[in-house]
Amino acid sequence: MDLTTIVLILDSSVRLATPLLLACLAGLYSERSGIFDIGLEGKMLAGAFFAAAAAYWTGSAWLGLLAAIAASIVLALVHGFASITQRGNQIVSGVAINFLAAGMTALLGQAWFSQGGRTPQLGGDARFGAITLPGAEALRDVPVVGEIYYELISGHNLIVYVAFLMVPLTWWVLFRTRFGLRLRAVGQNPAAVDTAGVSVPFLRYRAVIICGVLTGVAGAYLAIAQSAGFIVNMSAGKGYIALAALIFAKWRPWPAMGACFLFGFLDAVSIRLQGANVPVIGEVPVQFMQALPYILTVILLAGFIGRAVPPKAGGIPYVKER
Amino acid sequence: MSAPFEKLPTWVEVGVIPLVNVVVAFLVAGLVVLFIGENPLEAVKILIWGALGFGEGVGFTLFYTTNFIFTGLAVAVAFHAGLFNIGGEGQAYLGGLGVAVAALALDRYVPWWVTLPVATAAAALFGAAWALIPAYLQAKRGSHIVITTIMFNFIASSLMVWLLVDHLSPVGSMQPETRTFEAGGTLPELGGLFHLFGADMGAAPANISIFVALAACVFVYYFIWRTKIGYEIRATGLNPTAAVYAGISTVKITIVTMLVSGGLAGLMALNPVMGDQQRLQIDFVQGAGFVGIAVALMGRAHPVGVVLAAFLFGMLYQGGAELAFDMPTISRDMIVVIQALVILFAGALEHMFRPGIGRAFALMSTSQRERVVAEEERP
Amino acid sequence: MISGDEVPGRMPGELDMQAPAAIALSGISKSFGAVQANRNIDLVVEEGTIHGIVGENGAGKSTLMSILYGFYEADSGDIFVRGEKRKITAPDDAIKAGIGMVHQHFMLVDNFTVLENVILGAEGGTLLKAGVSRARAELKRLEREYELQVDPDAVVGDLPVGLQQRVEILKALFRGADTLILDEPTGVLTPSEADHLFRILRQLKSQGKTVILITHKLREIMAITDNVSIMRRGEIVATLETAETTPEQLAELMVGRHVLLRVEKGEAAPGTPLLTVKNLSVVDANGVARVSDVSFEVRAGEIVGIAGVSGNGQSELLEALSGIRPATSGEIRLADGEDLARRADPAMRRRSKLAHVPEDRHRMGLVMGFEENENAILGYHRDKTYGRGVFLDRGAIEAEAREKMQQYDIRPPDPRLKTANFSGGNQQKIVLAREMERDPDVLLVGQPTRGVDIGAIEFIHHQLVAMRDAGKAILLVSVELDEIRALSDRILVMFAGKIVGERGPQASEGELGLMMAGVTPEEGEGESAEEAQAEGEMGRASAAEPKA
Amino acid sequence: QEVKPAIVYDLGGKFDKSFNEAAHIGAERFKEETGTDYRDFELQNDSQREQALRRFAQRGFDPVIGIGFSQAQAIEKVAEEYPETKFAIIDAVVEEPNVRSIVFKEHEGSYLVGMLAAMASKTGKIGFIGGMDIPLIRKFECGYVEGAKAVNPDIEIYANMTGTTGAAWNDPVKGGELAKSQFDRGADVVYHAAGGTGIGVLQAAADAGKLGIGVDSNQNMLHPGSVLTSMVKRVDNAVYQAFEDVQNGVSMEEWGGVQNLGLAEDGVAWALDDSNKDLITDEMKTKVEDASAKITSGEIKVHDYMSDNSCPAMK
Ligand SMILES: Nc1ncnc2c1ncn2[C@@H]1O[C@H](COP(=O)(O)OP(=O)(O)OP(=O)(O)O)[C@@H](O)[C@H]1O
Ligand SMILES: Nc1ncnc2c1ncn2[C@@H]1O[C@H](COP(=O)(O)OP(=O)(O)OP(=O)(O)O)[C@@H](O)[C@H]1O
Ligand SMILES: [Mg+2]
Ligand SMILES: [Mg+2]
């Protein structure tokens, strides 16, 4: 494979990894605070739908993004209410949210647009377009560096850059701020946070809301940046892959980026390998490539590649009075 | 699954509270219908008529009910051991492979009643096998079974696509599906039975696998509440430490429970594959594995509750199809929404109305607790 | 006694004091569902004193202090801090009012460093950086002032319990607490560590701080407190000046009647060894040695008691003996049977006629969601009597349960009642009935009377002695030294996973206490120093200091 | 005669910008022109096909038209149950006396757009993106390749299928990625036969400043100036025709059987309108019209992949 091919595959990986990364970081905030979230998928889907609907009505991608975030936050608050205030089962709540999003988006899509659950196609300002970074055109013809800069680094839409900037930002928030310290603590031992004079519910609600914001952005990316409209079940399991990536990353921001990029890369490769014969290996069934993230996660969970220990208080409602 | 906040009598615990939760779920669903601009009462009327108003509707309702009994039982059995089997979808999918293998091998040579037990065994076996790895990883390596079973759903889906596209579909077929089974691989339908009651089942696919489902209910009841291993399963689910103290191997219990759970999920395939379509298709499970979660939560993990909840969901699925037909603005996704609301209110928010109900109840009668105290204080 | 918003009145004999009390509670009540944990409590704690609170398990001590700290919210009642009425509904309010608390179960984040734990909730700014360096300096100061040495960068989970407690104290001091509540701080400490803690408390007092100390140990009350309040069944039954009371009086107030600490029993007639343990060691999942090289035997017709501060390997020893946990090395034999040490199989032990009353009925002994009759067969459910083949015979099980409930006076006598609906004492009886009526040869008993009322205690003790007299071998583990001394024919003392000595039932409390701290008189001071060293940075020979 | 027509769309839904939508357009036109209303139903999953068809037949709808080859089995079953009702299926052949099977010579239309692609390409590289990998889609591909090679025998053609299951019809993200990968390799015209997935293909072409070719419906106006042309399948005409036939009281013998619609029958065509008129030069137009005439007359015979499951042009 020549450099161009590699750069182009990596470029595609970046595009495919972006929604995973946003959802994965979203999950990171929630799970670090001790609230398991298998509802990433649903929140992303709801975000995608409302992004497309709002962008279609208003013609503005920005309003679409806001709508996506709002919709996602609403679902995040439902999850928060069930798992923080009502101390319900977080897995059950997450499952419910996934179904709620799947059903509601299709239902509303059909009721509002009667296009089989789809929203109308978007164009122009209703989408986030590609951004050419300064100097990209000039550097374009410089060998290697220019190619990498022009193809791989420049030319993505805004949300892609936001997603990747979220990684250092998340790291910084988690390990350098008061909020981060408390967040890490509350996922490990909520009683310690409580007795230190910090409200556990408030802290967890904030984490869950951040999770909503990020899944909303991820959804908006799907519908109004990567594609030009919403289609039924658009998230297609990406929320679960993000969850897998989160486990893979052991709930840490930088490795999360690595894991999401890896899974995006696998996706990019599997798309390009479709029908093509890989030299030496022969034809790899696409289905195998598609299943690979899940297989890798199971292997990791089995403890064969390191050990993924979730935040200690994760999934357990904080109950001080039985 | 639930830590009781206050002690309420059993009939409130297993009767009133779940009922209130489900009713609230439906009320919220009604609001959704209203929001879309349709009349919820009209919708309910169409739904109930569609599900029970005529022979064919009933036939479809029973067809879906059969699916949900199996998957609901699968989730319920796992609940008793404190396990959350979210992998019913994948296990049922693999169960379909078992059914297809049995039917494809036998349908040309033996009558259906010979194929049925073999297919049943194969479905259970394949479903159980698909649950085995997550079970083993949970038991031996502590990998969270919720995550592994989710992963296994996806892996199952890829595996089955690969098998159906590349290996099982006849050459030249446009659809990734096996050939159609012949008479020896086809389950008799319930049309005859309907005729006894003077009804016409029309083309509804309800078939005798519903009896397998009911037998599975009886099996689960005895298995959980009457056998020693069932006792051990419940002990493990309620207090794993006490189970270890009692000499119960949690590894064994986790694996056995998941095998039974996966087997039950696998059996679900009998109904659509051998009963309805007579061929193995892509995605034939169609979310029934997930409906099982709602069914088990609503049915409080008890076979009787599961049958009732499965019937309710069967009605929803069939009635919902009619509803989508007659009210074009309400698509079938309404069912998914209702399902989500049931899971939310009967599962994650199950305690929301408890304090209120508890208070209401305390006003009405002497609580069990007081009875206990009174008896204790008796000299 | 008091009404309105006035500062509550004082106890008799203290009327002359002028300064407002550091803490005054008035009419505090709290219930958890059906359990009334605190009932209309009034309490005054004077500034600059050490105030003890004693009471049996479940008397409501922790609940009361947690209310003062804002961890729980009282159903009714008022809190006054220095004469001012405060609304304390969250720990934050308490911290602001200058109250700090060291909880019975530590509130630490295991994977955080000491420093991170200390600043949590008091970071002093949105960013950590400034707060961290300020905290580092502050820790240095506190370390100097109170001899509270800990490495600020050590990960808390790696620290021994004594040091973890220090971190808890530092947390409170760092927040500028004037009033420090300690909930059973010595339960996890060796006597020498406890002495060190008391030195710190005295120093705090000398600087004008107020300390509230919860403990079960009357000795400690007598040694360090100025005043003491006694709680019983959710109420404060008396508040006394320590100098004017005696341990006997306190004990009587605690349990509500004269305590008979002696158990009527005859001489033991030990027979052949029924349980033999040789060089047994247990290493836990984290690679920590819990039991090291323990050897002893228990003979037919005797009760062997194991004394020790909790957390010194008794639990692990019991678990290894009952087959819950595999031993790492050594031998366990029942009568003349084969070595069972490596076969962790509780069911097999039971079949070999070994019964086990676990230390914690909630966690291990019972399945709270089961009906009583189901718990009555827990562990024995595979017996032929309860059904042949794969099925259980419900009729037989219930009939037997009904019979046993009668015999042990378990109330209410309804075998179909959910176990969670029985009271603690009755739950304990369910366990005892199950294990003792099985006619075992060897009985392992852990904390048989924890949280059980006096009447039931007598019954249980009587049953144990009766079993001994019937020729059973009984191994008794209890943190209640009185119970050990009253019941045992021989006493083994455990410290840091080892058996450090054996004494007869006549051994004095002082002697046993020293041994529980790892000081074995005959073996000389050398080892004790070594052990003390190994335990951490506690005061050196202070363990030998006489107790007040 | 009074007609009560009904349509059951395939999973893509009636506004798929593709062949379901074409059916919808035909039905709407009929409604406008005759005032006859019709009922339609959008499937949401496979198990509904039969149920929906049967429900229409039961309630006396006639004709009942199923869109898409995946309804073949369901139509066969229901048509047997209701022998008096006239059924029609698009894109598949069902051997029942009361079923009209309407299939198209997509290879002919694809041949023409293949020619246009080859002529419009500056790089000498063009692409094809199919939906689900089935013989029907190979038929599109094969005709396209043959047409392109007729113009430029050395042309390089990249071809990808989106997937192997029904999901391949509705994955615009993947469609977009596949298109980008073909552009990256130098292609500058890409033809899709991928239903909803194709929306992503055309979007990617527009985003990248390359050319896409639409399918089934006229998709030129989706991205004016970026869609070279569309290979239109006149499902609308077929549906209109079917409704009209029933209205005219067609007999069951006349109704049944297979309609194989190609260029000659106006069943397939290439689309030229305001949106793409600047992209099509006169020379291109002449050449294509010439070829079209030759195909109609039988002078050029485009190979039908489905006749022998092979594609000589791709050897
Ligand atoms: N969080 C809780 N929820 C429900 N009940 C509780 C809770 N905490 C304590 N209780 C109950 O309240 C009563 C008083 O408990 P508390 O912990 O205050 O006792 P204590 O005096 O501290 O006992 P110990 O000496 O064992 O620590 C007990 O009956 C206990 O079961
Ligand atoms: N933490 C708790 N959660 C739920 N129920 C509890 C809790 N603690 C106690 N109970 C219930 O409250 C009742 C009284 O419990 P408690 O332990 O206070 O009894 P008690 O009066 O101390 O009896 P005994 O003297 O037998 O120990 C029992 O039914 C018990 O099961
Ligand atoms: Mg306490
Ligand atoms: Mg008690």
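Visitor: In chain C, what share of the contacts with a separation of 6 or more comes from residues 24 or more positions apart?

Guide: This is a predicted model, and the value is computed from its atoms. When the contacts in chain C with a separation of 6 or more are taken together, the part that residues 24 or more positions apart account for is 66%.

Visitor: How many helices and strands does chain C have, and what percentage of its residues count as buried?

Guide: The secondary structure of chain C comes to 18 helices and 19 strands. Chain C has 548 residues, and the share of them that count as buried is 56%.

Visitor: What part of the accessible surface of chain C belongs to carbon and sulfur atoms?

Guide: The accessible surface of chain C comes to about 22300 Å² in this model. Of that area, the part that belongs to carbon and sulfur atoms is 49%.

Visitor: Is C:Leu128 buried or exposed?

Guide: C:Leu128 lies in helix α4 of chain C, which covers residues 128-146. Leaving aside neighbours within four places in sequence, C:Leu128 is in contact with residues of chain A, including A:Phe175, A:Arg176 and A:Leu181, and also with C:Ile119 and C:Glu123. Its relative accessible area is 8%, and since a value under 20% counts as buried, C:Leu128 is buried.

Visitor: How are α7(A) and α10(A) directed relative to each other?

Guide: Helix α7 (residues 158-176) of chain A and helix α10 (residues 200-226) of chain A pack with their axes 10 Å apart, at an angle of about 155°. Because angles over 145 degrees count as roughly antiparallel, α7(A) and α10(A) are roughly antiparallel.

Visitor: Which classes of residue make up the contact of α7(A) with α10(A)?

Guide: On the side of α7(A) the contact is made by A:Ile159, A:Val160 and A:Met166, while α10(A) brings A:Leu214, A:Val217, A:Ala220, A:Tyr221 and A:Ala225. By class, these residues include no polar and no charged ones, and the eight are nonpolar.

Visitor: What is the handedness of the crossing of α2(A) and α3(A)?

Guide: Helix α2 (residues 40-58) and helix α3 (residues 61-85) of chain A have axes that come within 7 Å and cross at roughly 145°. Among the residues that make the contact are A:Gly42, A:Ala46 and A:Phe50 of α2(A), and A:Leu63, A:Gly64 and A:Ala67 of α3(A). By class, the contact has 11 nonpolar, five polar and one charged residues. The crossing of α2(A) and α3(A) is right-handed.

Visitor: Which two chains have the most contacts between them?

Guide: No contact joins chain C and chain D, and their closest C-alpha atoms lie 41 Å apart. Among the five pairs of chains that touch, the most contacts are between chains A and B.

Visitor: Where is C:Pro412 placed in chain C?

Guide: The peptide bond from C:Arg411 to C:Pro412 is cis, with omega near -5°. As for its place, C:Pro412 lies in the loop between α13 (394-407) and α14 (424-436) of chain C.

Visitor: Is D:Asp216 buried or exposed?

Guide: D:Asp216 is not a glycine, although it has a positive phi of about 65°. Its place is in strand β9 (residues 211-216) of chain D. With a relative accessible area of 8%, D:Asp216 is buried.

How values were computed
Residues numbered from 1 in each chain as written. Chains lettered and ligands numbered in written order. Predicted model: local features only at pLDDT ≥ 70, side-chain atom pairs only at ≥ 80, totals over all residues. Heavy atoms only, no water. Axes fitted to C-alpha atoms, helices over the stretch in contact; angles between N-to-C directions. Helix = DSSP H or I, 4+ residues; strand = E, 2+ residues; numbered from the N terminus. Parallel < 35°, antiparallel > 145°, perpendicular 65-115°, else oblique. Contact = heavy atoms within 4.5 Å. Nonpolar A, V, L, I, M, F, W, Y, C, P; charged D, E, K, R; others polar. Buried < 20%, exposed > 50% of the residue type's maximum accessible area, 1.4 Å probe, protein only. Areas by Shrake-Rupley, 256 points an atom, 1.4 Å probe, with all protein chains shown as cover. Left-handed = near helix turned anticlockwise from the far one by under 90°.
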